[in-house]
Every structure is written in C-alpha cells, then in structure tokens.
Amino acid sequence: MAAAAIGLRCEVSLRNKKYTGIIKNLFKVPPKDFTPLPIYSLLDKAPIVTAVQLKFWEWIADYYQCSEGDVMQAAVPSNFKLSSESIIRIEDEFADDVLAGGKQLDQDLSDEEFLLAEALQIRGELRFPEIQQILEGRKIYPVVKKLIDRGLCYIEQSLKEKYKEKKAVFIRFHPDYQKDENLEPLLNNWKGAPAQLKVLMLLRHMTLGDGDVMQSALLKKAATSLSTIKALLDKKMLVAERRSVTRLPVLAPFIEMDFSLSAAQKSAFDLLVDLMQQKKVNLLHGVTASGKTHLYLKLMEQALSAGKQVLYMLPEIALTAQIIRRLQHHFGGHVAVYHSRFNPNERVELWEKVLQGEVQIIVGARSALLLPFKDLGLIIVDEEHDSSYKQQDPAPRYHARDAAIYYGALFEQCPVLLGSATPSLESYYNASQGKYGLVTLLERFENVAMPVIELDNLNMIPKEIPRPILISPELETQIQEALKAQKQVILFQNRRGYSPYQICNSCGWIPQCKHCAVSLTYHKGRNKLVCHYCGTEYPLVTTCAACGSHDFQRKKFGTEQIEEAVAALFPKARVARMDYDSVKGKFSHDAMIQLFESRKIDILIGTQMVVKGLDFEHVSLVGILDADGLLNFADFRVGERAFQLMEQVSGRAGRKDGKGKVLIQVSNIHHPVLQYVQQHDYLAMYQEEIQHRKAFKYPPFTRLIRLIFKHRDTHTARQAAERMAQALRQLASLEVLGPATAPIERVRGQYLWEILIKVPKQPGQLQRCKKVIDHQRAILQSIKEFARVQIAADVDPA
Ligand SMILES: Nc1ncnc2c1ncn2[C@@H]1O[C@H](COP(=O)(O)OP(=O)(O)OP(=O)(O)O)[C@@H](O)[C@H]1O
Ligand SMILES: [Zn+2]
C-alpha cells in the first residue's frame, strides 16, 4: 500500500460498516486514549483536502459546537464519501448510450470493474450490500472509485434532496477554428452545403468565436436538421458536449477592464487598497447603486494579476445569475460558480479545479466557502448583512461571513471585504471600534439621486373600502403613471402563497398543520393548503373542525393574491411573480430576471428574492405593500432587519435616472424605522439600534447561543431545557432566557423548546460556556428519560 498522508481518503470499518474517512493526522507513536482501527485501503494518490481546510473544519466544529464530521459532510461532495449506506447510480449519459447501442463498456476495465459496470447498466443503481455480492467480498471501494472517476456512475445524494437535473448538448467551434483568423478563410471559401455554412455563421455570431450554445437553440435559429450539425462534427469543425444546462459555457479566460471608476469610486478604491494593507477585514458601506460591484471588479483584477484566487460570496445562489454575467464579461473563463445544486460529479470536478488552482474566481453562496482553495488572495462577502449567510439546519450552523473571516486569515495574504448598502450592526460596530477598516461610498454612481420615499397611511383609507388592502388607491394611481411613462414597477410583499391563514368566522378556529404548530397557507394555483415549515399539502377546508360552520374568512395576503389583484387592476400590463413557488427550476429565476431586464415584464411582484442586489435600469416605482408585517416581529433584530429590507428594496428604484419613487403602505406610520428609511439614514438607525443592543445586552455586546431541545413529548423536551438552563445559571453564572417554546412549537411532529444564553464578550467566556453545555448534554443523555432528546446548539443565531 502506498504511504498514508494527510488529506487522503482511506477505507475503514466501524461497527461492521465500511466508511471512507479522511486522514487528518499521522502519529509516529500509538495514541494512548483510543485504540486505532486498521486502514484497509487508500483511495487517493494525492490529498483531496488541504491542511488549511482541515484547520478550518476544526475551527468551525469548535466554534459552532458540532463535530468535524458534520463539517466534512457539508464540505465534501458526496462522490468522495463512500460508505456502506451509499447508493451508486449510473450516469444518465452512459445509460442512454447503452440503450442506443452506442458506446461500449470501456475496454481497459479490470474484471471487477467490468462486472460492476455491467450490473449498473442493467439495474441503474446499486446499494453496497449488492455490490459486495457482485464482487464476492473483494475490495470494493477502489473498484467503485474507479468507476466514479471514469464518470460512469455517481454517489446518490441524500435521498430527500434528490433532483433531476436538466442536461443538454452544447456546440462550440473545434479549437482549430476558435480564432477568427482561422475561421474567416474557411467561411469565405465555403464549398460545402449552404446549410452548414449557415450553422457556422450563426454559431460565430452567437458566441463571437469562443463559448458555446445549446444545440437546440442553434438548430432552431438555423432552421436546419441535426444531420447538418452531425456533418460538421464529423468534419471536426465543431465539438459537441453533453452537460448540465446550469453549467457555465466554456469560455476563454481573459481580463477585460473596459470601464473607469468615477471620482467618488476612485477615492473609495484607493482608500480600500490602502486599508487592506493594514487590516485583514474591511467593510465597504456603499449606498444602493453606488457601484460597489465595480470596486470589487478592480480588486479582483489585482488579485488575479498576482496569480491568486478570489472567492466572491453572495447570500443566495438564486441571485448570482446577474452577477455572473457581469463577471464573465470582465473575466471570461476565469469565473466558475459553485452550487449546492450541482450534481455530485460536477461538484467533484470543480472541487478538483479549485484545489489545483485551475479556476481563479469562484462565485457562490455559503457552501463555496468550504472549497479547497489553493491560494486564496481575496474574499468578497457581498450583501454581508444578509441572514441567509447563516446556516440554520442541519449542523454545521455556521455563519459564512464570520467563517470567511477566519478562513481568509489562514492564507498568507487574503484580505476579506464585506460589502453592503445596509451593513449588519455587528460589522458596522466592529468597524466603528477600529477592528475592521471602513470605507464609505455615500453617493450613487454618476451622482444619481436616491429615491423619494412616501408613506401611505392605511388608516386614512375610507372604511368603505374592504380590508385587507392589497393595493391602495394611491399606489394604484402611481402604478398607472409609471406604466404610462413606460417604466417598470416592483411590488414587494414578504409572504408567499395566496393567504397565510383562514379563520372560522363563528368560532375563530384556524386550520393548522398536523405536524407543526403553523397555520396553513392557502395556495390558489395549486388549490391546496400548504404548511410552509414542512411542506405538507392539505385539501381545502370548508367545514370548521371545531364548530362545523362553513363560514371562513381569509386573513392577510401573500404574493399570489397580489398577483391576481394586480392583474385585475392592470389588465394590459405584463405581470410576473418571483418567489420560491414561482421559481422552482433553477433557470426560471434567471430567465425571469432577464425578462424584466429586457422590459418584457412591467410589474414584478416578489418576496425578498427581488430585493437582493439586483440592478435594473428602468424601475421608477417600488411599492412596499405590508410594512407593518415587517415591523411587528418579536425579535431583537426587527428594527435592523426591517430597515435593511425596506432600504434594499427601495434601492431598486431610479438607479439610472434618479427619478425613483417608493410608496410604503403602513398603518403604524410613526415607527422610527420608517423615518430612517425615508431619509436613507443608515447611521441614525444604527445609533438608535446599537443603544438598545447595549442596554439589553444583545450582540454585538454579547454573544448568543441558542439551544434547541427536540422531543416527541413536550414535557420531556421542556424538562431537559430547564435542567440545562439551571446548570448554566448556577455553574457558569450566565444569563439565560427561557426555556420557552420555539417560535414554531412543533415541527414535523417534534416539540421544540429553546433557551437563549447571553455570553459576555470577555475572553474565555464563550469557551467556558460551551464546556458547560457539552458537559450537561452528556449528563442529560445518560439519563434514560432524556436520552432521546435532541439538543442542537446554534451559536450566533441569525
Ligand atoms: N465605474 C463604472 N462604470 C460604469 N458603470 C458603472 C460604474 N460603477 C457603477 N456602474 C453602474 O451603476 C449601476 C449600479 O452599480 P452596482 O449595481 O454595482 O451598485 P451596488 O453598489 O452594487 O448597489 P446595490 O447595493 O443596490 O446592489 C450598475 O448598472 C453599474 O453597472
Ligand atoms: Zn407542517
């Protein structure tokens, strides 16, 4: 056997099951505190994770109170994780080929590999016990690995997130003809079939020489048949590749900086470059449409020229499409995207490219941070205030912004830049304390005016108009005007579905999910009641379970209902809705954004999906339909969050001409947050909120740890929580809130109780608190009654 080394995968056996593990450390003398198990085989010749990553994992596990195994699970693509519970599945492509009588099994497979490949072709998928049978107990992992490496099969992801991805054939020029000087003469002296010439011309036009297009699009445009393309493939003028439609086209890498910074941007940039020499972390506070992206581009160019890698993080992958197009414009094939939705083979491919340093710029959400960067030279955390950076479930419950700061510090020279128009209180506080550098950019690009914000007092609307009010008369008028001026409108409502709950008019009964203590949302499109926590669908309820009445009223409203109302009010307008229901396929989100960009949609209705960092030129009006809903939340961050949401969505208006207007429908019109939004006054909001945080000992003045206790029986969960709270108060003299039921008391049949610990910020306190928690957790689990209570820690809950 080859020599063991850190970062290699190895095959081990635990409790009679086989697993692959990653070698984290090597010992020369046998350890004393545990008995080592034998390694059966090594799967890799070169490490698949870096030493820096292993250190990072250790930190995440320690800081976020989970196991390193949890972190590894989240980080490593499933194809790397063979275990006796894995299921291997044949690649579509390979299965298709066989059906079509095409590609034969590769010649140089060993007997074992051949046996397994053949079985896979017949059955499509295999479980490990079956593989064991087929191979009659011979070493199985190396055989499986070989087939995976050859792209014949992949490891099934966890069963619940199974999805079928779309694949298509893409066409590009053969490398011999990618350069125009080679292509020109060919086209000019064309002697072949005219249909083929047409295809070549079109392809050149569509790709400008490099890059590729979907075969179907090309066929349609050229109005020709497949045989034309086949002929060109045979002549080796074109190349075809079948791959996932979500993957980026293959582009040549280049750097193209075809813009210059405005004076304001320039001075912000110079300051940033200067600060980056001094501080590891810097915060860029730039108002909406100030052109933060162009500053990022410049910094990326610098890192790239120095031969370093760049990680550009965004809160949600659904939102990256616009940014990716921009980055590709400037950096072409240097840019790659990392998705949690990639299939296992694609993930491995990218993993390896990052590890080898073959890709320079990675764009991605949270999970991109877990990639094995070779030489990271810059991390940008865009929209750093966004709570989607925090992973909720399952562990590791890490905050990607904060973890990025740690990861960056592990590299030689890797500054971290946080950017936002509405920074989180935590980051701004750190900047004000000098812990981070701060750069502000308080004017919009080209000095475009910030949008004007008006409050529309719902209390003043005549009582005759039935409630709830979806679109006030004033908003209706303004939409009308915007449409007349050929402008676009965004309507923001942070609830999806048609109506979030229905109530029996005679007794007040509200239909709830059977498994979760949550009222059911009516979805008109599906004609179903849906639980937004567990996703269970129910038929409509027409009879009250409590009193038998048939008289129900629907309360409040969601995006679906607004879409209906808007379509009725403006029958000629083109209306679209963007939320998690309308945007299920991963492409339709981008498709919708492109439709809106190209002004094929007049009114876009959406949840917070529409507010994040999108750049549209022709939006003159933004309507915020239910500000009260944003302001009435029992959470210490409510003021900050409401401000961020409203300021961000307002920021979509008038980005190019400065004639943007925002109308906020609200009844609680004296709420201070509304005044700050009206004045676009982040600082005033910050100052007020930070006072509260200090007075009530909330972050950034303390750290919070939320402990969640789950059990089928509510009393058991509660008692376990109580014991833990007691222990923390007495043994660690910590301030503990609760136990209280979680905001949603019951999820998927489990009762949830929580306690919230406020940990002082002095050094050592967090560590001390975690120790007590671990100790108490062990004690609880040794008591029979509590043995099955699941206890999850959420450090720095968002
Ligand atoms: N130096 C520049 N040259 C040309 N165009 C620019 C420049 N700087 C900014 N822009 C343009 O101004 C618009 C706003 O910039 P950008 O989208 O980067 O704003 P932002 O600061 O990211 O705002 P938000 O926080 O709202 O996302 C964009 O259309 C962008 O292309
Ligand atoms: Zn439910």
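In what order do the strands of the open sheet of seven strands lie? In this predicted model, the order is S12-S13-S11-S14-S15-S10-S16, and the pairing is parallel.

**The sheet**
- Strand S12 (335–338) and strand S16 (437–441) form the edges, each pairing on one side only.
- On average, neighbouring strands of the sheet are turned by 20 degrees against each other, direction ignored.
- S12 and strand S13 (residues 361–364) run parallel and are joined by four bridges.
- Val335 has Ile361 of S13 as its bridge partner.
- Helix H11 (residues 263–278) packs on the sheet, where it touches strand S10 (281–286) and S16. The direction of H11 makes about 175 degrees with that of S16.

**The helix pair H8 and H10**
- The axes of helix H8 (residues 194–207) and helix H10 (residues 226–234) come within 9 Å and cross at roughly 80 degrees.
- Because angles of 65 to 115 degrees count as roughly perpendicular, H8 and H10 are described as roughly perpendicular to each other.
- H8 contributes Ala195, Gln196 and Val199 to the contact, while H10 contributes Thr228, Ile229, Ala231 and Leu232.
- By class, this contact of H8 with H10 has five nonpolar and two polar residues, and no charged ones.

**The surroundings of ligand 1**
- Ligand 1 is surrounded by 18 residues, of which the closest are Thr288, Gly291, Lys292, Thr293 and Phe445.
- Helix H12 (residues 292–305) supplies the largest share of this shell, three residues.
- The shell around ligand 1 comprises ten polar, five nonpolar and three charged residues.

Note on methods
Residues numbered from 1 in each chain as written. Chains lettered and ligands numbered in written order. Predicted model: local features only at pLDDT ≥ 70, side-chain atom pairs only at ≥ 80, totals over all residues. Near = placed C-beta within 6 Å. Helix = DSSP H or I, 4+ residues; strand = E, 2+ residues; numbered from the N terminus. Nonpolar A, V, L, I, M, F, W, Y, C, P; charged D, E, K, R; others polar. Axes fitted to C-alpha atoms, helices over the stretch in contact; angles between N-to-C directions. Parallel < 35°, antiparallel > 145°, perpendicular 65-115°, else oblique. Contact = placed C-beta atoms within 7 Å. Pairing = 2+ DSSP bridges.
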